[in-house]
Amino acid sequence: MANIKSQIKRNRQNEARHERNKAVRSRLKTYSRRFQTAVEAGDKSAAESAFADASKALDKAANKGVIHKNNAANRKSGMAKRLQSI
């Protein structure tokens, strides 16, 4: 356990960021899953809207530093390929 006041604050901040980042990553998985189910169902309009939502969320996560920008770009690219295959 930390005794130093600044380290106690740092631990609190890290915990808050950890929880926030975990929620963002979970939301990304949800958007990805929605897209995947729409693609598997062959519903192009639902897949397009799910792709738009997921793409926006990936960009936001990359800008905030939750995931790497190349990771976001790779995921969006793969999703776009799957969308075109419908």
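Visitor: Is K60 buried or exposed?

Guide: Good place to start! This is a predicted model, and every value here is computed from it. Exposed means over 50% relative accessible area. K60 has a relative accessible area of 55%, so K60 is exposed. You will find K60 in helix α2.

Visitor: How far apart are K60 and Q7, in sequence and in space?

Guide: Along the sequence, 53 residues separate K60 and Q7. In space, the distance between them is 29 Å, C-alpha to C-alpha.

Visitor: Now the helices, please. How many residues does α1 have, and what span does it reach?

Guide: Helix α1 has 37 residues. From its first C-alpha to its last, α1 reaches 55 Å, close to the 54 Å expected at 1.5 Å a residue. After α1 comes G42, whose phi is positive, near 80°.

Visitor: Which residues of α1 are buried?

Guide: In α1, the buried residues are V24, L28, F35, A38 and V39. They pack against α2 and α3.

Visitor: How should I read the pattern of buried residues along a helix?

Guide: Here is the general idea. An α-helix has 3.6 residues a turn, so residues three or four places apart point the same way. The buried residues of α3 are A72, M79 and L83. Seen down the axis of α3, these buried residues fall within an arc of 45°, so they line one face of the helix.

Visitor: What covers the buried residues of α3, and which residues are exposed on the other side?

Guide: The cover includes α1 and α2. On the other side of α3, N74, K81 and Q84 are exposed.

Visitor: How does one look for a pocket?

Guide: Rolling a probe the size of a water molecule over the atoms shows where empty space is left. In this model, the largest pocket holds about 310 Å³ of space. It is lined by 15 residues, and the closest to its centre are V24, R27, K60, A61 and K64.

Key
Residues numbered from 1 in each chain as written. Predicted model: local features only at pLDDT ≥ 70, side-chain atom pairs only at ≥ 80, totals over all residues. Heavy atoms only, no water. 1 Å grid on protein atoms, 1.4 Å probe; cavity = no way out; pocket = protein on both sides within 12 Å on 5 of 7 lines; lining within 4 Å. Points joined across faces, edges and corners; volume = space filled by probe spheres on them. Buried < 20%, exposed > 50% of the residue type's maximum accessible area, 1.4 Å probe, protein only. Helix = DSSP H or I, 4+ residues; strand = E, 2+ residues; numbered from the N terminus. Arc of directions from axis to C-beta. Contact = heavy atoms within 4.5 Å. Expected span 1.5 Å × (residues − 1).
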